[in-house]
Amino acid sequence: MSNRSRGRDTGRGTGRGTAGGTARGAGRTRVRAAAAALAAAGLALAGCSSSAAKPSASSGARPALTIGISLSLTGDFSDSGKSAQRGYQLWASTVNAAGGVLGRKVVLDIVDDTSSPTQVVTNYQNLITKNHVDLVFGPFSSLLTVPASQVAKRYGYAFLEPAGGGPAVFSQHLHNLFFVQPAPVVQQGDVFADYILSLPASQRPTTAAYPALDDPFASPIAAEVRTRLQAAGIRTVYQQIYPAEATDLSSVVTAMAAKKPDLVVAGTQSADAYALVKAMVQLKWAPKLLYLSNGANDPLNFPGNVGAGNVNGIFSSGDWFPTATTSGNSAFVAAYTAAYGGAATSIDSTSAEAYSCGQLVQEVAAKTGKVDNATLISTLHSGSWPTLEGDLSWNSDGAANASYVLVQWIGGKLLPVFPADRAQSAPVLGKLPWSG
Amino acid sequence: MHETIQAIILGLLTGGVYALMASGQTLIFGVLKVVNLAQGALVILAAYLSSSLFVSFGIDPFLTVPIVAPALFLLGAAVQWCLLRPLHRSDASQLSLLVTFAVALGIEGVLTLVYKSDYRTIQPSYANRSWTVAGYRIGEVRLAACLLSLAVLGALALLLGRTRFGRAVRATVQNPTAARLLGVEGDRVAALGYGLGAATAAAAGAVYGMVYSFNPNSHYDLISRLLSIVVLGGLGSLGGTVVAALAMGVVSALVGALISPVWSDFSFFVVLLAVLLVRPQGLFGARLRGAL
């Protein structure tokens, strides 16, 4: 998963302000213009919503399959919310172009929750009890997924959700919930531990450092890797949790460098990942191996923030990448770039996660000939299901049982390198660019 | 020992960056007696403008300063003239907190709309370069920021101490009524003062954008540090700002390297509280009205 979406998942670091704040000192004309623009936007949204909420029922046609979704189209999670929207809509248009699900046209009923855990409850309540949608898909972030999934549970709806991977989601023990990513977020670094432990003893690091951001989506990842590597005899020489407000990590790197670890496993989000690398480069110190849980897995933003010449050799991990060979991925990437423009590397993994929810509905329908909530819940709990995210199966709490993909920057590109069945290149064990 | 000295060097260089950012803050307080909560947002705005000029036109970030500074000067003067000047009431200083906070939110909102919320860094070829002196690393950009900081603060000191505008500012600060009687146009001086304080954010933004990653809401962390620095230095004292920024840099870096980064910011606040207990006006603040 890219750092952009993971960063939002924590609820950190997004714009609280709105453009409306700038309109306060404006004259009446500008206020009227802004009001007109808002009204136009509202009408446009209303148009989308109403067309979605009232599926066309041409005579003789099978009724539409309506899917209700609450998304953060405004507020703190809006960037990622819109990414999810693009993924959902792309899946709907793709499946409709192929005749729909069991001959039923898919209609998405998407409403804005303003990134609010209160509004998201209202939205799903309305979608289910007033709009009478057939199915629901999940919102963005663990923060919103937890209350939303409770509503779905209350009404017996299956809850396929693309972006709520925090421990709070699975500790609810909801049988109707399916997290459409390979594994819970805290297990994101396990694939790196697997890789290190797969190395012959002569190539294995003997000492390791574990700096980590004080964040529920960062420090537990480093802690889990540390537990496994320590158990395998790799000595911990430095471990440190730094606060989110620490914009300058030079002092952390200074202290870490003094311990001379072979390996650095950093539990990071985005800004702190950039700060760690920049501090290492400026201090001209590099470990033999560097793993950053997030930040480095964002092909769009990482090179620009640390310098394109400093990326090679760095490891990270994620759930989806544009070059993945998973089910339907090349078609998804082609359709996405055709629909929304831009390069494949600019696709936020949240879009792929959302699209994968739709894939699962299609597959269950194709297998069972039915597309209702009870069938979805019972069917998805057995077997393995191919998606853009890989082949997924779930435990009883809705956590997927697969593994993230280890990626490494090689030749200026971010390539999957482990496990072998997902790898597109062999891992490269060499010096980091700034180590001299 | 090497670790300690390296941390002190890092702290001094970081302090230089913060001194540059806080100079505008302290100037605005000195002139207007306004705690400008928008200063952090102005720095981030400048960082974005500098980044855009660098990415789109290839202009070196340091050379973007003379382009961005006039734009921020006009913005700052407009904020004072349109939003702060009308607050002619006894509670104007409190209301100005709300106004400048609203300005900060407005800037953040516009930046989010235009640039989205992804982090970015200004990356000229020298952004991550450092010199090695006797085994210690000295970041080129941070050293340049220290020098730029000294230059900006020196220029501001000259402006306030040696020019007609500076005399008008000092007269307004010390006794607004008497200054007005002597022909000083207080509102105009205030607008120019706010504009000048905002313009210093141009240099600060260019440097900040090269040293740190930023996004539209980076100003929240920034403003809390800038306020701490100007309070420690003494509200309105340019010299105090430099000393306080360097102190903050060194204390934070030492604690971060030798104890834990968790206590870095807290340790600075301990120093701040200790100083304020002994000198409530800050290190170099005057007890009398009109620190400048």
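**Figure 1. The loop between helix 10 and strand 9 (289–292) of chain A holds Lys284(A).** In this predicted model, Lys284(A) is not a glycine, yet its phi is positive, at about 50 degrees. Is Lys284(A) buried or partly exposed? It has 15 C-beta neighbours inside 10 Å and therefore counts as partly exposed, since a buried residue needs 20 or more.

**Figure 2. Ser141(A) sits in the loop between strand 3 (135–137) and helix 5 (142–154) of chain A.** Here is another residue that is not a glycine but has a positive phi, this time of about 90 degrees. Ser141(A) has 31 C-beta neighbours inside 10 Å, so this residue counts as buried.

**Figure 3. Helix 3 of chain A covers residues 78–97.** Past the helix comes Gly99(A), with a positive phi near 105 degrees.

**Figure 4. Strand 13 (residues 405–410) of chain A pairs with strand 10 (residues 315–318) of chain A and with strand 14 (residues 413–418) of chain A.** The pairing with strand 10 is antiparallel and has four bridges; strand 14 also runs antiparallel to strand 13, joined to it by five bridges. Gln408(A) is a handy landmark: this residue of strand 13 has Phe315(A) opposite it, and it also stands opposite Leu415(A) in strand 14. Five of the six residues of strand 13 are buried, so the strand is largely enclosed by the rest of the structure.

**Figure 5. A hairpin links strand 13 and strand 14 of chain A, with two residues between the strands.** Gly411(A), in this hairpin, takes a positive phi near 60 degrees. In the segment after strand 14 you will find Pro419(A). What kind of peptide bond joins Phe418(A) and Pro419(A)? The bond is cis, with omega about 0 degrees.

**Figure 6. Chain A meets chain B through 41 residues in contact with 41 residues of chain B.** On the chain A side, strand 7 (235–242), helix 9 (250–258), helix 10 (271–282) and helix 11 (302–306) each supply at least two residues. By class, this side of chain A has 20 polar, 13 nonpolar and eight charged residues.

**Figure 7. Chain B has eleven helices and two strands.** Along the sequence, its pattern reads α-α-α-α-β-β-α-α-α-α-α-α-α. A compact globule of 292 residues would have a radius of gyration near 19 Å, and chain B agrees, with 19 Å. Its C-alpha atoms fill a box of roughly 60 × 50 × 35 Å along the principal axes. Of the 292 residues, 57% count as buried. Among contacts in chain B with a separation of 6 or more, 79% are between residues 24 or more positions apart.

**Figure 8. Helix 1 of chain B takes in residues 2–32.** How far does this helix of 31 residues reach from its first C-alpha to its last? The distance is 45 Å, close to the 45 Å expected at 1.5 Å a residue. At Ala22(B), helix 1 of chain B bends by about 35 degrees. Since 25 of its 31 residues are buried, the helix is largely enclosed by the rest of the structure. Lys33(B) follows helix 1 of chain B and has a positive phi, near 60 degrees.

Conventions. Residues numbered from 1 in each chain as written. Chains lettered and ligands numbered in written order. Predicted model: local features only at pLDDT ≥ 70, side-chain atom pairs only at ≥ 80, totals over all residues. Expected span 1.5 Å × (residues − 1). Buried ≥ 20, exposed ≤ 12 C-beta atoms within 10 Å, placed from the backbone. Pairing = 2+ DSSP bridges. Contact = placed C-beta atoms within 7 Å. Nonpolar A, V, L, I, M, F, W, Y, C, P; charged D, E, K, R; others polar. Rg over C-alpha atoms; globule rule 2.2 N^0.38 Å. Bend = angle between axes of the 7 residues up to and from the residue.
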